[in-house]
Amino acid sequence: MGIKLSDGREIPMEMHKVKIVQKTNLIPARQRLEAMTESGYNTFLLRTRDIFLDMLTDSGTNAMSDNQLAAMMVSDDAYAGSESYYKLCAAVKEVFGLEYVLPAHQGRAAEHLIAKVLVKPGDVIPMNYHFTTTRAHFEILGGTVHELFHDSALETSSALPFKGNLDVKKLQAIIEQVGADKVSFVRMEATTNLIGGQPFSLANLKEVQKLANQHNIPVVLDASLISENAYLIKQREKEYASASIRDIIQEMMACADLMYLSGRKSCAVRGGMLATNHKKYFDQLLPWLPVYEGFMTYGGMSTKEIEAMAVGIREMVDDNVAGSSVEFIKHFVNELDKRGVPVVTPPGGLACHVDAKKFVPHIPQQQYPAGALSAAIYLSSGVRSMERGTISTDRDKDGKEIMADMELARLAVPRRIFTLSQIEYTIDRVAWLYKHRNLIKGLAFVEEPPVLRFFFGKLKPMDNWGEKLVKAFEAEFGAEC
Ligand code: F0G
């Protein structure tokens, strides 16, 4: 939650005690340059020992609660019939209102199963926005992804509360164009990851459901950041201002025929799952679960994580849990915005996203501005962010570059991991970098994998700009920082 101070400022408040810590290192800029060079200017290839604050992702990196850890100790490691699974089912029923549950080892495994069962070659899959693994799975099975966001969703500087909404007129048009039987399902992603963690409204979800159901098209909900989306609905959608997070989540779930999630986010564990009230989908998916994941009662997850997931699902309806990252992100974004740094506004549910097209407008998109900015943030702070732009978008079938809609450096805020002083430090260093932005130049691939190239690709900086940036940094802060 946010707390008002007597001087009128509002700051995010940590509504928890830190009981276990992991030591972190801040190596000097010169060593960071060595680490970055070795990693091919790809932050994915850095090692933890060289990272001060890891804001690569909020996936599997959230702090677990004492009750989650305690639950792991009583897990039932049966291959089949594990009591841990039935505890998960009870939590899913209680919080999500869903009957049938299939665990999977993580979110993309759930996407794989959905694609296997519901996507046929030539199908189209409309959605508010794609996620990297989602698109890969649906396209591998012969489907085509259509992103039906409102045009305004791509304006990075905005006051629109629900840039994750799906444009229902575009949905109507696509159904008319290809025919309802060619539409596998409509997918709604709770806080659109790649365009700044932006939520959709319940009003929009209901409209999508109505139209889809009129045409017998199922709605699939990607609920990976469901409680953050629900928290933002409570804050931004008038009708829900006094609703509980639990009620909002249940209402969202009731709009979907099938939901899946990466348990690594809102659930604060490492795993994933699918759930539905339609036995039909459960029966279609179940036979494939042991082929790709594991038996129904563990689905490729450790039973310890299943226990912790059941607790995490019950905890996510607490405002202080659902809002812990959101309130930090709000502070992070607003403070950078105040300093003139171009960030995605309004703040979303996943990260502070810096708009590289505006931060380094002198770098052409072919030279990966977001990748360069992400590397530069590391060099000037030791903070690891992630490129979410053209590097994260693979080439088309003919090898041509596809320019991403947005070029973002994503500073993810995992739940309950960072303190306010760590966020303040990051704000300061990113603002410093903005003043020295002309030192940042582009990147070029030296090793480019054929699929999801952002994970293992290696790049080199044009004109040796990393060295120049580090020199400027040392001149200001000294060789020790
Ligand atoms: N859907 C969304 C919306 C996601 O953000 C992710 C993962 C997935 C599906 C896939 O889930 O990783 O458990 O297999 N997002 C991570 C991120 C990787 O860093 O944003 P997964």
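The buried residues of helix H17 are Leu-420, Gln-422, Ile-423, Tyr-425, Thr-426, Ile-427, Arg-429, Val-430, Ala-431, Trp-432, Leu-433 and Tyr-434. Here buried means under 20% relative accessible area, exposed means over 50%, and partly exposed is what falls in between, with a 1.4 Å probe and protein chains only. Helices (H or I, at least four residues) and strands (E, at least two) are DSSP runs, numbered from the N terminus. The model is a predicted one, so local features need pLDDT of at least 70 and side-chain atom pairs count only at pLDDT 80 or more, while totals for chains, interfaces and linings use all residues. Residues are numbered from 1 along each chain as its sequence is written, and side-chain values use heavy atoms, with hydrogens and water left out.

Back to H17, which runs over residues 420-435. Because 12 of its 16 residues are buried, H17 is largely enclosed by the rest of the structure. From first C-alpha to last, H17 reaches 23 Å, close to the 22 Å expected at 1.5 Å a residue; the expected span is 1.5 Å times one less than the number of residues. Gln-422 sits in this helix and counts as buried because its relative accessibility is 19%. The side chain of Gln-422 also reaches back to the backbone nitrogen of Thr-419, at 3.0 Å. That is a polar contact, i.e. a pair of N or O atoms within 3.5 Å; within protein, one must be able to donate a hydrogen and the other to accept it, and residues adjacent in sequence count only if both atoms are side-chain atoms.

Next, the ligand. There are 17 residues around the ligand, and Thr-57, Arg-108, Asp-222, Ser-262 and Arg-410 come nearest; a residue is near if one of its heavy atoms lies within 4 Å of the molecule or strand in question. By class, the shell splits into 2 nonpolar, 8 polar and 7 charged residues. In that scheme Ala, Val, Leu, Ile, Met, Phe, Trp, Tyr, Cys and Pro are nonpolar, Asp, Glu, Lys and Arg are charged, and the others, Gly among them, are polar. Both domain 1 (2-58 + 321-477) and domain 2 (66-318) supply at least three residues each to the shell, with domain bounds taken from an automatic or database domain assignment. Helix H4 (residues 107-118) gives the most, with 3 residues.

A side-chain N or O atom of Thr-57 is 2.6 Å from a ligand oxygen. For Gly-107, a backbone N or O atom lies 2.8 Å from an oxygen atom of the ligand, and for Arg-108, a polar side-chain atom lies 2.6 Å from one. The protein covers 95% of the 470 Å² of accessible area that the ligand has on its own; such areas come from the Shrake-Rupley method with a 1.4 Å probe, and for residues only the protein chains shown count as cover.

Most residues other than glycine have a negative phi, and most peptide bonds are trans. Thr-345 and Pro-346, though, are joined by a cis peptide bond with omega at about -5°, and Pro-346 lies in the loop between helix H14 (324-338) and strand S11 (351-355). Ala-268 is not a glycine, yet its phi is positive at about 60°. This alanine is in the loop between strand S9 (258-262) and strand S10 (272-276), and it is buried, with a relative accessible area of 6%. Asn-464 also has a positive phi, near 55°.

Phe-44, in the loop between helix H1 (29-38) and strand S3 (53-54), is partly exposed at 21% relative accessible area. Pro-161 is in the loop between strand S6 (144-147) and H6 and is partly exposed at 31%; Pro-161 and Leu-232 are 71 residues apart in sequence and 8.5 Å apart, C-alpha to C-alpha.
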